[in-house]
Amino acid sequence: MEFIKLTGLFAITAIAEIIGCYLPWLVLRQDKSAWLFLPAVVFLLLFAWLLTLHPAAAGRTYAAYGGMYIVVALIWLRVVEGVELTRWDVVGAIVALIGMVIIAFQPFSRS
């Protein structure tokens with residue numbers, strides 16, 4: 001159960017970060033309304049707050065989170081941006097998830 005909770009928290013954290021960065025990208029690269037900066041700030045604040053909910057030390061949390069971020073970013077690439085994933089994307093995502101599991105669920109202290 002801890003695995004599911006932590007993985008879900010990582011996924012939600014990644015979604016908040018990606019949205020918080022994607023909205024300014026739309027403004028700066030696709031000439032969308034500057035009003036998108038406002039929800040971007042909210043999502044980036046949510047992202048920062050969500051990182052504080054993780055049980056491990058900050059550096060370890062960031063390291064493990066990186067694996068989930070890669071997976072969510074590739075899902076975003078496929079679903080939102082409509083770009084087909086390559087087998088290299090999929091293999092890289094699997095490697096990143098394995099790294100996340102190794103770091104997040106190591107058998108010693110979580111501090």
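1. Confidence comes first. This is a predicted model. Across the protein chain, pLDDT averages 91. A score of at least 70 is reached by 95% of the residues.

2. Confidence can also be read by element. The lowest is found in helix 3, with a mean of 92. The highest belongs to helix 2 (residues 37-51), at 96.

3. Look next at how helix 3 (residues 58-79) meets helix 4 (residues 87-104). The two pack at an angle of about 155°. Their axes lie 8 Å apart. Angles over 145 degrees count as roughly antiparallel, so helix 3 is roughly antiparallel to helix 4. The crossing of helix 3 past helix 4 is left-handed.

4. Which residues make this contact? From helix 3 come Arg60, Ala63, Ala64, Gly67, Met68, Ile70, Val71 and Leu74. Helix 4 supplies Asp89, Ala93, Ala96, Leu97, Met100, Ile103 and Ala104. Sorted by class, the contact has 12 nonpolar residues, one polar residue and two charged residues.

5. Asp31 deserves a look of its own. Where is Asp31 found? It sits in the loop between helix 1 (2-30) and helix 2. Its phi is positive, at about 55°, although Asp31 is not a glycine.

6. Is Asp31 buried or exposed? Its relative accessibility is 70%. The cut-off for exposed is over 50%, so Asp31 counts as exposed.

Methods:
Residues numbered from 1 in each chain as written. Predicted model: local features only at pLDDT ≥ 70, side-chain atom pairs only at ≥ 80, totals over all residues. Heavy atoms only, no water. Axes fitted to C-alpha atoms, helices over the stretch in contact; angles between N-to-C directions. Helix = DSSP H or I, 4+ residues; strand = E, 2+ residues; numbered from the N terminus. Parallel < 35°, antiparallel > 145°, perpendicular 65-115°, else oblique. Left-handed = near helix turned anticlockwise from the far one by under 90°. Contact = heavy atoms within 4.5 Å. Nonpolar A, V, L, I, M, F, W, Y, C, P; charged D, E, K, R; others polar. pLDDT = per-residue confidence, 0-100. Buried < 20%, exposed > 50% of the residue type's maximum accessible area, 1.4 Å probe, protein only.
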